[in-house]
Amino acid sequence: LVDVDRVEVLRGPQGTLYGAGAMGGALRIIPKAPSLDSIEANASLSFETTEHGDNGFETSGAVSVPLIENMLAIRIAGYHYDVGGFIDRSYPGNALFGAPARFDKNVNDEETSGGRVAILFEPTPAFSATLTYMRQKTEVGGLTEIQPTLTYELGQVRGGREGFEDDFEMLNLTASYDFGGVELVSVT
């Protein structure tokens, strides 16, 4: 959650606007829009350390630039998180299959990178269109799960490597026209 303008909590049911899964309500996270009249920028950097684990850091930043004043603007936001692991994995081995015993430290590490590019076009006060592209890639080394009855306090026993990768992309066009009393909105 970087470069957020506001968070909206909508009480349910919201099935008409947001589908059957929103019967209990909806939580909307609204990112900051490109600024048509000024340059905006922000950045952050933080470090973390975990006892008996790896260090980590996170960085994020955003910049908004008007390309044509009061008509066309672009906003670019990006982030990278490197979360250090703290759970160790042991594997006792299997002599029957010739698999040696092994020990891996800090297997539950995570690395996430992503960003968003938004282009706002507003030729008149009544019409606006925003084209947004988002991408995020996550790599996780192992599950954050401990088995204190099988191993020591912050450890796990596994038969092989775990972990997963996720690569998410989304392209969105939101256009609206205000007819004066009635607004037409299209989200594609």
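The model is a predicted one, in which local features need pLDDT of at least 70 and side-chain atom pairs count only at pLDDT 80 or more, while totals for chains, interfaces and linings use all residues. Residues are numbered from 1 along each chain as its sequence is written, and side-chain values use heavy atoms, with hydrogens and water left out.

Strand β6 (residues 88-91) runs parallel to β10 and is joined to β10 by 3 bridges, and Arg 89 stands opposite Gln 156 in β10.

In the whole structure there are 10 salt bridges, each being a side-chain nitrogen of Lys or Arg within 4 Å of a carboxyl oxygen of Asp or Glu. One of them joins Asp 3 and Arg 75 at 2.7 Å, N to O, and this pair links the segment before β1 with strand β5, 72 residues apart. Asp 3 counts as buried (under 20% relative accessible area, with exposed over 50% and partly exposed in between, for a 1.4 Å probe and protein chains only), because its relative accessibility is 11%, and Arg 75 is buried too, at 3%. Arg 75 also forms a salt bridge with Glu 40, with the closest N and O atoms 3.0 Å apart. Through shared partners, salt bridges join Asp 3, Glu 40, Arg 75 and Arg 116 into one network.

Note on methods:
Pairing = 2+ DSSP bridges. Helix = DSSP H or I, 4+ residues; strand = E, 2+ residues; numbered from the N terminus.
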